[in-house]
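Visitor: Please show me how to read the features of a structure I have not seen before.

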Amino acid sequence: MFRLFNPGAVLSFLQSSYNVRKFVTIFTVLGLLFMTSILTGGNATAQDVLPDNVESSSALVKGLKTFWYYTGFSSVSWGNITMIVVGLFFIFLAIRFNYEPLLLVPIGTGILLGNIPFIEGFQIGIYEEGSVLNYLYFGVVKGVYPPLIFLGIGAMTDFSSLISNPRLMLLGAAAQIGVFGTFIGAMALGFEIHQAGAISIIGGADGPTAIFASSKLAPQLIGSIAIAAYSYMALVPVIQPPIIRLMTSKKERLIRMKPPRAVSKTEKILFPLIGLLLTLFISPTALPLLGMLFFGNLMKECGVTERLAETARTRMIDIVTILLGLTVGASTQANVFLTGESIKIFGLGAASFIVATAGGLLFAKIMNLFLKKDNKINPMIGAAGVSAVPDSARVVQHEGLKNDPSNHLLMHAMAPNVSGVIGSAVAAGMMLSFLM
Amino acid sequence: MIHILDAVNWPQIWVITAVGYSVVFTALVLLILVFRLMPKVLNLQMKRKLKREGKYVENHGDEEQYIAGEVNAAIGLALSLYFSEMHDDESKIITIKRVERRYSPWSSKIYNINNVLPTRR
């Protein structure tokens, strides 16, 4: 017998909890639609509540298209991807190999920030007037950050090794051959004279000075110059040792130097004052850099402004480093940065570091020809004449220990190292006064 | 076609290079001179002061007047210890503190070795 209604089957259907839930949901939706029709006072149907099928798909597509247009994926270029890879590489170098992490992490992150593609006109990018990054970048473009960094460097540097053995200052001067060599090289590569002047400061191995000079001489090249200078500064432990080994003999590397004499407090206080007056009278264009450097050192040495010196060498320099690193990194927007000029600048930067290191080493060897046998200098400290403080001094110390585990050269190497800072600032001042 | 290098005013470049490099050298050489002279001037003042007080002893030897870093470090350490009184001066109050441990069968062998049996409580 055929039965139309089977209560057992209905019961088993309801008993299955999944089906019950499905049923309740459908019932609720239909109930809501019915309620809508009552509330609106008309015969509303599902078609009335939901928009027309065709229209809905076009609006959805339009919305999705707009969303896609505003995402970074729609406007990404190979340049952006390349720069993002470079940024990630910088961060990797800093974290994995500890190469100048305080600089490379902010710069690397800045490169990532600067190369996220975006739609222009919403005050987002670093080159868009009114954007947050643009305001922060102001400190780079107008050369505000470098003197503040110099203030911090002054407040953390001990010049006593330089005061105790002033003749080592010559090595800092000799290494500035890198600056002038790069200047000639940049001119030969077809750069305009102001651009060449700005690029040349990379040879001083001094990031803040290079940024300061390029902000005045060639603002459009700041990104490339800063990235080149800081990258090579981070790579000092890689670049310098082979040149040192190539240019010095084993015997020379074993030379022990006399321990530096003790320096009185009066001498330490007089150093920044005399240094400031003397160097700035000779090269007043270096005033923002050297003025701040010596001011910071005076705060450190005078003994009555310890609180200010402490702030300058810790919090303040840290804040400025963060802002400087991040904005310099962000300034490498692919469309501005990835040019033939940048590649040339990178090439010149590498050459200038090599020339500067070699210049310092060579001059130290020449100096040894004129010094008494018991008063000779270890020519390796000439490599510290480039002003990457204190990295190149650390490289010399490391190389010294490799040759003789009891020969500590750090104190001696600090003298040319800090005089390199003074020398590169004077050189930048000279470039500015000739070319501005 | 004019070569790119021909368009550069090379005499100007050489002048900038030569003058710039010599100025860097001059600035640092002047600093060297000043700082070579400074200890002598400062010592001269000290010498005068000592002579006035009659404490000055003429140094006739060729011995250099500088103290090695290690010696300085040793003097510095001694002074620092002296001024911060971190020497061997103790409080001079001697008290003998009796240390008693509860008897425990877990470590009972050690009492036989030491021949001291803690009091049972």
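This is a predicted model: local features need pLDDT of at least 70, side-chain atom pairs count only at pLDDT 80 or more; totals for chains, interfaces and linings use all residues.

Visitor: What area is buried between chain A and chain B?

Guide: The size of an interface is often given as the accessible area lost when the parts come together. With a 1.4 Å probe and summed over both parts, the area buried between chain A and chain B is about 3,300 Å². Carbon and sulfur atoms give 85% of that area. On the side of chain A that touches chain B, helix H11 (169–174), helix H12 (177–188), helix H18 (265–282) and helix H24 (410–435) each supply at least two residues; helices are DSSP runs (H or I, at least four residues).

Visitor: How many residues does each chain bring to the contact?

Guide: Contact means heavy atoms within 4.5 Å. Chain A brings 42 residues and chain B 34 residues.

Visitor: How many salt bridges are counted between chain A and chain B?

Guide: A salt bridge needs a side-chain nitrogen of Lys or Arg within 4 Å of a carboxyl oxygen of Asp or Glu. The count between chain A and chain B is 0.

Visitor: Which residues lie nearest the centre of the second largest pocket?

Guide: A pocket is an open set of points on a 1 Å grid over the protein atoms alone, where a 1.4 Å probe fits, with protein on both sides within 12 Å along at least five of seven lines; lining residues have an atom within 4 Å of a point. Nearest the centre of the second largest pocket lie A:Glu100, A:Leu102, A:Val389, A:Pro390 and A:Asp391, out of 33 lining residues.

Definitions and conventions
Residues are numbered from 1 along each chain as its sequence is written. Chains are lettered from A and ligands numbered from 1 in the order in which they are written. Side-chain values use heavy atoms; hydrogens and water are left out. Buried area is the accessible area (1.4 Å probe) that two parts lose on being put together, summed over both.
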